[in-house]
Amino acid sequence: MIKVDARGLSCPEPVIMTRQALLSGDDAYEVLVDNHASRENCTRYAESQGYKVSVSENGGEYTLALTKA
């Protein structure tokens with residue numbers, strides 16, 4: 001599983017980092033973000049690329065688990 005740590009970054013950087021990771025073609029990824037806008041934008045992008053996204057929140061940080069749908 002590839003992990004993308006985009007905490008502390010504002011959009012569009014987390015989406016760009018997620019896009020770069022998805023180019024590897026793996027089936028599962030974990031994306032860490034720490035703001036609502038990045039969570040929403042990364043989720044939308046991953047879903048548009050055919051991934052199922054589940055989000056968990058812990059102390060203001062979000063973990064997005066991306067799996068190939």
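View 1. The structure holds 0 disulfides, a disulfide being a pair of cysteine sulfur atoms within 2.5 Å. This is a predicted model, so local features need pLDDT of at least 70 and side-chain atom pairs count only at pLDDT 80 or more, while totals for chains, interfaces and linings use all residues. Residues are numbered from 1 along each chain as its sequence is written, and side-chain values use heavy atoms, with hydrogens and water left out.

View 2. Cys42 is buried, with a relative accessible area of 1%. For these labels, buried means under 20% relative accessible area, exposed means over 50%, and partly exposed is in between (1.4 Å probe, protein chains only).

View 3. Ser38 lies in helix H2, which covers residues 36-48. Helices (H or I, at least four residues) and strands (E, at least two) are DSSP runs, numbered from the N terminus. With a relative accessible area of 1%, Ser38 is buried. Which residues does Ser38 touch, leaving aside neighbours within four places in sequence? Its contacts (heavy atoms within 4.5 Å) are Leu9, Cys11, Pro14 and Val33.

**View 4. Stepping back to the fold.** The protein has 2 helices and 4 strands, and from the N terminus they run β-α-β-α-β-β. Its radius of gyration is 10 Å, close to the 11 Å that the globule rule gives for 69 residues, so the protein is as compact as a globular protein of that length. That radius is taken over C-alpha atoms, and the rule is 2.2 Å times the number of residues to the power 0.38. Along its principal axes, the C-alpha trace spans about 30 × 20 × 20 Å. Of the contacts with a separation of 6 or more, 57% link residues 24 or more positions apart.

View 5. Of the 69 residues, 30% count as buried.
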